[in-house]
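Colleague: I'd like to learn how to read a fold from its coordinates. Could you walk me through one, feature by feature?

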Amino acid sequence: MTDHHADRPHEVRAFFAARAAGWDAKFPHDAPAYAAGVAALGLQEGDRVLDAGCGTGRALPALREAVGPRGAVLGADLTPEMLRAAVRAGRDRHAALLLADAARLPLPAACLDAVFAAGLISHLPDSAGGLGELARVVRPGGRLALFHPIGRAALAARKGRPLTPDDLRAEPNLGPLLAGVGWDLTRYEDKDDRYLALAVRRG
């Protein structure tokens, strides 16, 4: 099984660096979808949550609202230009921003209650390793949301690509991939207006 969209970290950085300044303008109507994706994660007041591959931080306001002032929100991205765009948009008010690769996080084990990851899995050079790193930083019983504001078919159509059976985001592939690194897939949706996979950290 391969992921044809996976890139090496420097290629991912270059791709997003060139697009950071206009990213939010390109997708101006995604905020409600992000808020709904965050709501599905079931965060509690006081939780500690990471937005892995946060980009311009579109999920950060909803994450902060969900965990309240006593909670902790981190946003990690490996593209400095994306984090600068998040700051320009004022989203650093909602979270501490980290320049970091989601596959090598500068965080201790089991320090988080949940991870939100929008569009991340497509850009992990080693999908199992990256999802395993997210498992490392989440406590047993903690949660993971893999999210995209449109479903796989709609995204493939937007990019002019066919959907292939080896797509890691397909449920038959994703479930075993997550299980192999400590996650249990508990909910899977792939509709035109949302892709959402929820998993619980085993332990």
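Modeller: Let's start with burial: a residue is buried under 20% relative accessible area, exposed over 50%, and partly exposed in between, using a 1.4 Å probe and protein chains only. By that rule Cys111 is buried, because its relative accessibility is 17%. Cys54 is buried too, since its relative accessible area is 7%.

Colleague: What should I know about the model itself?

Modeller: It is a predicted model, so local features need pLDDT of at least 70 and side-chain atom pairs count only at pLDDT 80 or more, while totals for chains, interfaces and linings use all residues. Residues are numbered from 1 along each chain as its sequence is written, and side-chain values use heavy atoms, with hydrogens and water left out.

Colleague: How many disulfides does the structure hold?

Modeller: A disulfide is a pair of cysteine sulfur atoms within 2.5 Å. Here the count is zero.

Colleague: And what about the chain as a whole?

Modeller: Of its 203 residues, 51% are buried. Areas come from the Shrake-Rupley method with a 1.4 Å probe, and for residues only the protein chains shown count as cover. The chain exposes about 9,200 Å², with carbon and sulfur atoms supplying 55% of that. For contacts, look for heavy atoms within 4.5 Å. Among the chain's contacts with a separation of 6 or more, 68% are between residues 24 or more positions apart.

Colleague: How many helices and strands does the chain have?

Modeller: Helices (H or I, at least four residues) and strands (E, at least two) are DSSP runs, numbered from the N terminus. This chain has eight helices and seven strands.

Colleague: In what order do the strands sit in the sheet?

Modeller: Strands pair if DSSP finds at least two bridges between them. The seven strands make an open sheet with mixed pairing, and the order reads β3-β2-β1-β4-β5-β7-β6. At the edges are β3 (96-99) and β6 (183-191), each pairing on one side only. From one strand to the next, the twist averages 15 degrees.

Colleague: Which residues of helix α4 are buried?

Modeller: In α4 (residues 60-67), the buried residues are Leu60, Ala62, Leu63 and Val67. They lie on the same side of α4, because they cover an arc of only 160 degrees around the axis. That arc is taken from the directions from the helix axis to the C-beta atoms. The cover over these buried residues includes α3, β1 (48-52), β2 (72-77), β3 and β4.

Colleague: What follows α4?

Modeller: Gly68 does, and its phi is positive, near 75 degrees. Further on, Gly71 lies in the loop between α4 and β2. Gly71 counts as buried because its relative accessibility is 11%. Leaving aside neighbours within four places in sequence, Gly71 is in contact with Gly46, Asp47 and Arg64.

Colleague: Where is Ala110 found?

Modeller: In the loop between β3 and β4. Ala110 has a positive phi of about 55 degrees although it is not a glycine.

Colleague: Where is Leu163 placed, and what does Leu163 touch?

Modeller: Leu163 sits in the loop between α7 (152-159) and α8 (171-179). Not counting residues up to four places away in sequence, Leu163 touches Arg152, Ala153 and Ala156. The C-alpha atoms of Leu163 and Ala153 are separated by 6.6 Å, and the two residues are 10 residues apart along the chain. Leu163 is partly exposed, because its relative accessible area is 37%.

Terms used
Axes are lines fitted to C-alpha atoms, for helices over the stretch in contact, and angles run from 0 to 180 degrees between N-to-C directions.
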